[in-house]
Amino acid sequence: MTQSDSNSSSALDEHISLDSTRTPIFLHSDDSRGFELASVLNLDTVQIQFAPTKSWYLGTRRGELALRHSSEADFVFSERSVRRKIDDARDTHLAKACSALSGRKVLDAFGGWGIDGFTLSALGCEVTILEVNPLICTIARYLAIELGCVAKVLCIDAERYLRSTDDVFDVVYFDPMFPAHPKSAKPARRMQVLESLARQDTDVDRVFELAKSRTRDRIVVKRRRTESPGRLNPDWNVCGKSVRFDVYRTR
């Protein structure tokens with residue numbers, strides 16, 4: 001790599017920071033599917049030779065949007081696997097905790113890949129999904145399109161959104177990153193990649209307090225089953241085998 005190429009790669013590393021408003025996708029010049037995705041998802045296109053060397057970036061693999069890395073295997077979230085996860089999640093603890101009914105307005109404040117939000121949308125809720133990391137958010141937007149999901153997916157910090165919006169929701173749903181797992185077994189790869197990208201400095205308690213004024217009915221917080229609820233005791237909870245949904249009434 002020449003010095004000019006190195007400088008270009010460094011600048012592009014900065015371009016995919018959390019403050020980026022247009023996220024780049026790194027493509028070969030003959031990748032017609034990649035350019036189609038770039039147009040649909042409003043992404044900047046950059047030649048693949050300038051791809052970052054030390055971080056995840058967007059590209060394509062076999063016609064699908066992919067997260068790529070110079071030292072990691074490509075990560076692809078297929079539509080089929082997401083549909084299966086959504087089907088498995090219907091009429092489960094998430095739906096019960098959120099009282100998922102047609103027309104319920106739900107804010108998924110820490111959306112991640114968007115699977116819980118897509119599930120609630122499939123159950124008839126009007127869902128807005130927030131995700132601050134532009135790479136994660138772009139994957140979630142891509143999945144929403146592939147699934148034909150009508151949920152809104154916004155690339156914005158939850159605290160900033162709650163301070164600026166006039167919208168009021170029936171449910172605000174929190175699925176913050178769990179603390180480090182006490183067991184040695186690694187989580188599924190989708191969670192490993194999410195953990196490597198997700199913002200870790202969010203003050204969940206502060207966002208919780210802001211959410212109270214934007215919620216008509218309840219705030220739902222997803223936690224590990226054995227995790228402490230913290231300083232606020234929920235009104236009730238819905239427990240699964242490994243996770244628990246704590247429900248806080250806001251009426």
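This is a predicted model: local features need pLDDT of at least 70, side-chain atom pairs count only at pLDDT 80 or more; totals for chains, interfaces and linings use all residues.
Visitor: Which elements make up the protein?

Guide: Count helices and strands. The protein has nine helices and twelve strands.

Visitor: How many of the residues are buried?

Guide: Read this as a share of the chain. Of 251 residues, 49% count as buried. The exposed surface comes to about 13,000 Å². Carbon and sulfur atoms supply 45% of that surface.

Visitor: Where is the largest nonpolar core, and which residues have the most contacts inside it?

Guide: Start from the residues with the most contacts. Here they are Leu-67, Trp-113 and Phe-118, in a core of 51 residues. Helix α6, residues 134–147, gives this core its largest share, nine residues. A second core stands separate, with 18 residues. Among them are Leu-107, Ala-109, Ala-158 and Val-221.

Visitor: What does Trp-113 touch?

Guide: Set aside residues up to four places away in sequence. Trp-113 then touches Leu-67, Phe-75, Phe-77 and Phe-118, among others. Its contacts also include Ile-136, Ile-139, Ala-140 and Leu-143. Arg-190, Val-193 and Leu-194 are on the list too.

Visitor: Leu-67 is in a strand. Which strands pair around it, and in which sense?

Guide: Follow the bridges. Strand β4, residues 64–69, is joined to β3 by five bridges, and the two run antiparallel. Leu-67 in β4 is the bridge partner of Leu-58. On to strand β5, residues 72–75: two bridges join β4 to β5, again antiparallel. In β5, Phe-75 is the bridge partner of Leu-67.

Visitor: Where do strands run parallel?

Guide: Look at strand β6, residues 105–108, beside β7. They pair in the parallel sense over four bridges. Asp-108 has Ile-129 in β7 as its bridge partner.

Visitor: Is strand β7 mostly covered or mostly open?

Guide: Mostly covered. β7 spans residues 126–130, and four of its five residues are buried.

Visitor: Now the rings. How many aromatic pairs are there?

Guide: Eight aromatic pairs are counted. To read one, check the distance between ring centres and the angle between planes. Phe-26 and Tyr-57 have centres 5.3 Å apart and planes at 80 degrees, so the pair is edge-to-face; the cut-off for that class is over 60.

Visitor: What about Phe-208 and Tyr-248?

Guide: They form an edge-to-face pair too, 5.0 Å centre to centre with 80 degrees between the planes. Phe-208 lies in helix α9, residues 204–212, and Tyr-248 in strand β12, residues 243–249, so the pair ties together parts 40 residues apart in sequence. Both Phe-208 and Tyr-248 are buried. With Phe-110 and Phe-174, they form one aromatic cluster.

Visitor: What lies over the face of Phe-169?

Guide: Lys-105 does, at 5.2 Å from the ring centre.

Visitor: Why does Leu-210 count as buried?

Guide: Compare its relative accessible area with the cut-off. Leu-210 has 18%, and buried means under 20%, so Leu-210 is buried. Leu-210 is in helix α9. Beyond its neighbours within four places, Leu-210 is in contact with Glu-159, Leu-162 and Arg-163. Leu-210 and Glu-159 are 51 residues apart in sequence, yet 7.4 Å apart C-alpha to C-alpha.

Visitor: Is Ala-109 buried or exposed?

Guide: Ala-109 is buried, with a relative accessible area of 3%. Ala-109 is found in the loop between β6 and α5. Leaving out residues up to four places away, Ala-109 touches Leu-130, Ala-158, Val-172, Tyr-173 and Phe-174. Its C-alpha is 8.8 Å from that of Glu-159, 50 residues apart along the chain.

Terms used
Residues are numbered from 1 along each chain as its sequence is written. Side-chain values use heavy atoms; hydrogens and water are left out. Buried means under 20% relative accessible area, exposed over 50%, partly exposed in between (1.4 Å probe, protein chains only). Accessible areas come from the Shrake-Rupley method with a 1.4 Å probe; for residues, only the protein chains shown count as cover. A nonpolar core is a set of buried Ala, Val, Leu, Ile, Met, Phe, Trp, Tyr and Cys residues joined through side-chain atoms within 4.5 Å. Contact means heavy atoms within 4.5 Å. Rings of Phe, Tyr and Trp (its six-membered ring) pair if their centres lie within 6.5 Å; planes under 30 degrees apart count as stacked, over 60 as edge-to-face and the rest as tilted. A charge sits over a ring if NZ of Lys or CZ of Arg is within 6 Å of the ring centre and within 35 degrees of the ring normal. Two strands pair if DSSP finds at least two bridges between them.
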